[in-house]
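Hi everyone, thanks for making time this morning. I'd like to walk you through one model, so please have a look at it while I talk.

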Amino acid sequence: MTEAEQAIGTPDAGKAEGGAGTSAAGSGEAAAGRGKRRVGVLLAVAALAYLIDLTSKLAVVAKLEHHAPVEVIGTWLQFEVIRNRGAAFGFGEAMTIVFTVIAVGVIVVIARLARKLHSLPWAIALGLLLGGAFGNLTDRIFRAPGDFQGAVVDFIAPSHFAVFNLADSAIVCGGFLIVILSFRGLDPDGTVHKD
């Protein structure tokens, strides 16, 4: 290569390197943008699930507690207020404090996962889990007897099934979605792996 060609090639090489650097910076910004959007989705889903659960519990306690069950679809589905000190669907009533600790643990794990969250389906799933966990944790903290041992308000009473609430439903739906995403090989950071 002649000196003239080298002189001409050098600026182009510099531009190429600069272009690569600019491209890398741009892709880094795009990745950060994707992460922020997914965390926003997680928080929005969690807030919606939490508010729906909280509103429903306040309404049924005010209107239905200490009253006869209300038939929604005959005897197949009723609204009946039950104070549950156990886990979802009434299991483990003697372990209230354990379930409170588990709920706090779930919230901490989701907060850690949120830092590398780039997948929209994972954001929705984790948002449902987070909203449901906060919904029932609110009952544990603020409802009698208090001290993180409060009874959760359940009111959806299908025939021949345990009574539950909307927070329980959000947790189950979020967990089911996570199982599906895991089987499909989709990770929270948006990558797909094959075993």
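Let me start with a definition: by buried I mean a relative accessible area under 20%, by exposed over 50%, and by partly exposed anything in between, using a 1.4 Å probe and protein chains only. Now the ground rules. This is a predicted model, so local features need pLDDT of at least 70 and side-chain atom pairs count only at pLDDT 80 or more, while totals for chains, interfaces and linings use all residues. Residues are numbered from 1 along each chain as its sequence is written, and side-chain values use heavy atoms, with hydrogens and water left out.

First, the overall picture. The chain has four helices and three strands, and along the sequence they follow the pattern α-β-β-α-α-β-α. Of the 195 residues in the chain, 34% are buried. The chain exposes about 11500 Å², and carbon and sulfur atoms supply 68% of that; the areas come from the Shrake-Rupley method with a 1.4 Å probe, and for residues only the protein chains shown count as cover.

A word on contacts, which means heavy atoms within 4.5 Å. Among contacts between residues at least 6 apart in sequence, 68% join residues at least 24 apart.

What does UniProt list as "transmembrane region"? The unreviewed entry gives residues 39-60, 87-110, 122-142 and 162-183. UniProt positions are in the numbering used here, feature names are shortened, and annotations may be inferred rather than shown by experiment. In the model, the span 39-60 is 100% helix and 0% strand, with its end C-alpha atoms 32 Å apart. The span 122-142 is also 100% helix and 0% strand, and there the end C-alpha atoms lie 30 Å apart.

On to the sheet. As a reminder, strands of a sheet pair through backbone hydrogen bonds, either parallel or antiparallel. Here we have an open sheet of three strands in the order E1-E2-E3, with antiparallel pairing; two strands pair if DSSP finds at least two bridges between them. Strand E1 (70-73) and E3 stand at the edges with a single partner strand each, so one side of each is left without a neighbour in the sheet. From one strand to the next, the twist averages 40°. The axes behind such angles are lines fitted to C-alpha atoms, for helices over the stretch in contact, and angles run from 0 to 180 degrees between N-to-C directions. E1 is joined to strand E2 (residues 77-84) by three bridges, and Val-70 has Phe-79 as its bridge partner in E2.

How many aromatic pairs does a search of the whole structure find? It finds two. Rings of Phe, Tyr and Trp (its six-membered ring) pair if their centres lie within 6.5 Å; planes under 30 degrees apart count as stacked, over 60 as edge-to-face and the rest as tilted. Phe-79 and Phe-155 have ring centres 5.6 Å apart and planes at 75°, so this pair is edge-to-face. Because Phe-79 lies in strand E2 and Phe-155 in strand E3, the pair ties together parts that are 76 residues apart in sequence. Phe-79 is partly exposed at 27% relative accessibility, whereas Phe-155 is buried at 4%. The other pair is Phe-161 and Phe-164, with centres 6.2 Å apart and planes at 85°, so edge-to-face. Phe-161 is exposed at 51%, while Phe-164 is buried at 13%.

Asp-154 sits in strand E3 (residues 152-158) and is buried at 1% relative accessibility. Asp-168 belongs to helix H4 (residues 166-183) and is buried at 2%.

Finally, helix H3 (residues 120-142), which holds Gly-135 and Asn-136. Gly-135 is buried at 3%, and Asn-136 is buried at 10%. Outside four places in sequence, Gly-135 is in contact with Tyr-50, Asp-53, Lys-57 and Ala-167. Asn-136 has contacts including Asp-53, Lys-57, Val-152 and Asp-168.

Notes: Helix = DSSP H or I, 4+ residues; strand = E, 2+ residues; numbered from the N terminus.
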